[in-house]
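Student: I have a model open on my screen and would like to learn how to read it. Could you walk me through some of its features?

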Amino acid sequence: MAKQVIISPSILASDFARLGEEVTALDKGGADWIHVDVMDGHFVPNITIGPLIVSAIRPLTRKVIDVHLMIAPVDPYLAAFARAGADIITVHAEAGPHLHRSLQAIRAEGKRAGVAINPATPVSAIEHVIDDVDLVLVMSVNPGFGGQKFIEESFRKLRQARALIGARPIDLEVDGGVTVDNARALAEAGADLYVAGTSVFSGNDPTTYAGRIAAIRNAATTLTA
Ligand code: DX5
Ligand code: ZN
């Protein structure tokens with residue numbers, strides 16, 4: 001049976017001077033979701049964008065806006081991202097002492113809740129909240145920057161996360177160093193949702209995005225053909 005493959009290109013690698021055009025190009029180029037990387041210079045060593053940017057791009061696409069919050073504290077900002085138009089809000093398990101409360105707060109805003117884990121965090125860290133999430137995000141690089149090398153241990157972690165998810169209707173997202181070359185192995189390890197920054201945006205030529213998105217999708221889909 002064919003498993004649904006979701007491609008969520010990360011605008012972190014877009015040309016921010018032309019952000020609206022970049023989002024429109026993704027929309028037209030077959031992206032399923034739009035991944036938005038939010039960094040605070042505290043939880044991760046980089047600063048990116050906030051709710052104002054989410055509200056600016058919201059009218060440009062009807063695709064799911066997949067907001068990945070790499071910020072701590074996170075709770076004070078959840079409502080702002082929800083109201084800006086995020087569809088999915090993902091928080092890091094390492095971002096604070098009250099992960100369960102954060103997940104409840106996201107769902108209370110009427111949004112789907114995701115939980116992310118860093119490369120050194122075991123899957124067991126999310127075992128007791130697995131029924132409170134709609135998405136599990138396995139970081140396959142250390143969060144903070146695009147264009148990093150994929151960490152091979154992530155394959156084993158994806159298998160463990162897939163086993164934890166079992167039959168639950170939870171997406172398993174892999175984020176960092178995803179390319180057309182590793183997409184098939186990622187699918188075999190259990191991923192069904194692929195974040196791709198550099199591998200979609202490199203060169204920032206909008207005419208290339210559709211082909212790259214399709215290539216990653218095809219590589220990930222081969223498994224079930
Ligand atoms: C890293 C971000 C990723 C990043 C992925 O902290 O969470 O979403 O944009 O970029 P690539 O695909 O270039 O590794
Ligand atoms: Zn991300």
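This is a predicted model: local features need pLDDT of at least 70, side-chain atom pairs count only at pLDDT 80 or more; totals for chains, interfaces and linings use all residues.

Student: Which residues coordinate the zinc ion (ligand 2)?

Tutor: Donors are N, O and S atoms within 2.8 Å of the metal (3.2 Å for Na, K and Ca); water is not among the atoms, so sites may look incomplete. Here His35 (NE2), Asp37 (OD), His68 (ND1) and Asp175 (OD) coordinate the zinc ion (ligand 2), at 2.0 to 2.3 Å. Their spacing in sequence is H-x1-D-x30-H-x106-D. Asp37 sits in strand S2 (residues 33-39) and His68 in strand S3 (residues 64-70), so this pair ties together parts that are 31 residues apart in sequence. Helices (H or I, at least four residues) and strands (E, at least two) are DSSP runs, numbered from the N terminus.

Student: What is the geometry of the zinc ion (ligand 2) site?

Tutor: Ideal angles are 90 or 180 degrees for six octahedral donors. In practice, six donors count as octahedral if opposite donors are over 155 degrees apart and all others between 65 and 115. The zinc ion (ligand 2) has six donor atoms with angles of 69 to 169° among them, and its site is octahedral.

Student: Are Asp37 and His68 buried or exposed?

Tutor: Buried means under 20% relative accessible area, exposed over 50%, and partly exposed in between (1.4 Å probe, protein chains only). Both Asp37 and His68 are buried. Ser10, in the loop between strand S1 (6-9) and H1, also counts as buried, at 3% relative accessibility. The side chains of Ser10 and Asp37 are joined by a polar contact of 2.6 Å. Such a contact is a pair of N or O atoms within 3.5 Å; within protein, one must be able to donate a hydrogen and the other to accept it, and residues adjacent in sequence count only if both atoms are side-chain atoms.

Student: Which residues come nearest to ligand 1?

Tutor: A residue is near a molecule if one of its heavy atoms lies within 4 Å of it. Of the 20 residues around ligand 1, the nearest are Asp37, Gly147, Asp175, Gly197 and Thr198. An oxygen atom of ligand 1 lies 2.8 Å from a polar backbone atom of Gly197, and a side-chain N or O atom of His68 is 3.3 Å from an oxygen atom of ligand 1. The protein covers 99% of the 380 Å² of accessible area that ligand 1 has on its own; such areas come from the Shrake-Rupley method with a 1.4 Å probe.

Student: How many bridges pair strand S4 (residues 88-92) with S5?

Tutor: Two strands pair if DSSP finds at least two bridges between them. S4 and S5 run in the parallel sense over five bridges, and His92 stands opposite Ala116 in S5. Five of the six residues of S5 (residues 112-117) are buried, so this strand is largely enclosed by the rest of the structure.

Student: Where is the cis peptide bond?

Tutor: Look between Ala72 and Pro73, where omega is about 0°. Pro73 belongs to the loop between S3 and helix H3 (78-84).

Key:
Residues are numbered from 1 along each chain as its sequence is written. Chains are lettered from A and ligands numbered from 1 in the order in which they are written. Side-chain values use heavy atoms; hydrogens and water are left out. Four donors count as tetrahedral if all angles lie between 85 and 135 degrees; four count as square planar and six as octahedral if opposite donors are over 155 degrees apart and all others between 65 and 115; anything else is irregular.
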